[in-house]
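I opened my notebook and looked this structure up one feature at a time. Here are my entries.

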Amino acid sequence: PPDAEVAADPAPPPAHGDPSPHHGGVVMMKGDLHYEIVLDASGRYRLYFSDATRADLPAAAAANAAITVMRPGEAPEGIELRIDESGESWLGQARPITDVPATTARIAYTIRGEEPYWIDLPFDTKASAGHE
């Protein structure tokens, strides 16, 4: 009938999924891999991975995860991350950050046998996110 409702086709899913943080951190991309880094001034750090559509990946999808905290006027503090008990993220603990605007963090990991990857981020990443 002419007055019958026609169902609209659903919108296709976005090519790279939801870019918003799922864990309160900053979402970055390396190719089709998304990773979310949670930097906390108390010194607690978490690193999560998800695929191109933002489906969670187990922490074991990556290896050799580490964060190096670079504070002004101090030697860099290296933190080896470990997989948390649930297997969903990498977790690390360091000294608290006292000068957040002047502190940077180097996030490093390897995945799928690729060359080691790293990126330096301002510690105060709440206002910015990047894609590679």
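**Strand pairs around β9**

I started with Ala 62, whose bridge partner in β9 is Ile 111. I noted first that this is a predicted model: local features need pLDDT of at least 70, side-chain atom pairs count only at pLDDT 80 or more, and totals for chains, interfaces and linings use all residues. Residues are numbered from 1 along each chain as its sequence is written, and side-chain values use heavy atoms, with hydrogens and water left out.

Strand β5 (residues 62-70) pairs with strand β9 (residues 104-111) over seven bridges, in the antiparallel sense. My rule for pairing is that DSSP finds at least two bridges between two strands. Strands are DSSP runs of E with at least two residues, helices are runs of H or I with at least four, and both are numbered from the N terminus.

I followed β9 to its other partner. Six bridges join β9 to strand β10 (residues 117-122), and the two run antiparallel. Thr 104 stands opposite Pro 122 in β10. β9 and β10 form a hairpin with five residues between the strands, where Arg 112 takes a positive phi near 50°.

**The whole chain**

I stepped back and counted elements. The chain has 10 strands and zero helices. Of its 132 residues, 37% are buried. Buried means under 20% relative accessible area, exposed means over 50%, and partly exposed lies in between (1.4 Å probe, protein chains only).

I checked contacts too, which means heavy atoms within 4.5 Å. Among contacts between residues at least 6 apart in sequence, 54% join residues at least 24 apart.

**Strand pairs around β8**

Which strands does β8 pair with? Strand β3 (residues 44-50) is joined to strand β8 (residues 90-93) by four bridges, and these strands run antiparallel. Here Arg 44 stands opposite Gln 93. Strand β7 (residues 82-83) also pairs with β8, over two bridges and in the antiparallel sense. In this pair I found Ile 83 opposite Trp 90. β7 and β8 form a hairpin with six residues between them, and Gly 87 in the turn has a positive phi of about 80°.

**Aromatic pairs**

I searched the whole structure and got six aromatic pairs. Rings of Phe, Tyr and Trp (its six-membered ring) pair if their centres lie within 6.5 Å; planes under 30 degrees apart count as stacked, over 60 as edge-to-face and the rest as tilted.

I took Tyr 35 and Tyr 109. Their ring centres are 5.3 Å apart and their planes are at 70°, so the pair is edge-to-face. The pair links distant parts of the chain: Tyr 35 is in strand β2, Tyr 109 is in strand β9, and 74 residues separate them. Both Tyr 35 and Tyr 109 are buried.

Next came Tyr 45 and Phe 123. These ring centres are 6.2 Å apart with planes at 80°, so this pair is edge-to-face. Tyr 45 sits in strand β3 and Phe 123 in the segment after β10, 78 residues apart. Tyr 45 is buried at a relative accessible area of 0%. Phe 123 is buried at 4%.

I also noted one aromatic cluster, formed by Tyr 35, Phe 49, Tyr 109 and Tyr 117.

**Two buried residues**

Is Thr 103 buried or exposed? Thr 103 is buried, with a relative accessible area of 1%. I placed Thr 103 in the loop between β8 and β9. Leaving out residues up to four places away in sequence, Thr 103 touches Val 69, Met 70, Arg 71, Pro 72, Ile 97, Pro 122 and Phe 123.

Glu 77 lies in strand β6 (residues 77-80). Glu 77 is buried, with a relative accessible area of 16%. With residues up to four places away in sequence not counted, Glu 77 touches Ile 67, Thr 68, Val 69, Arg 71, Ala 94 and Arg 95.
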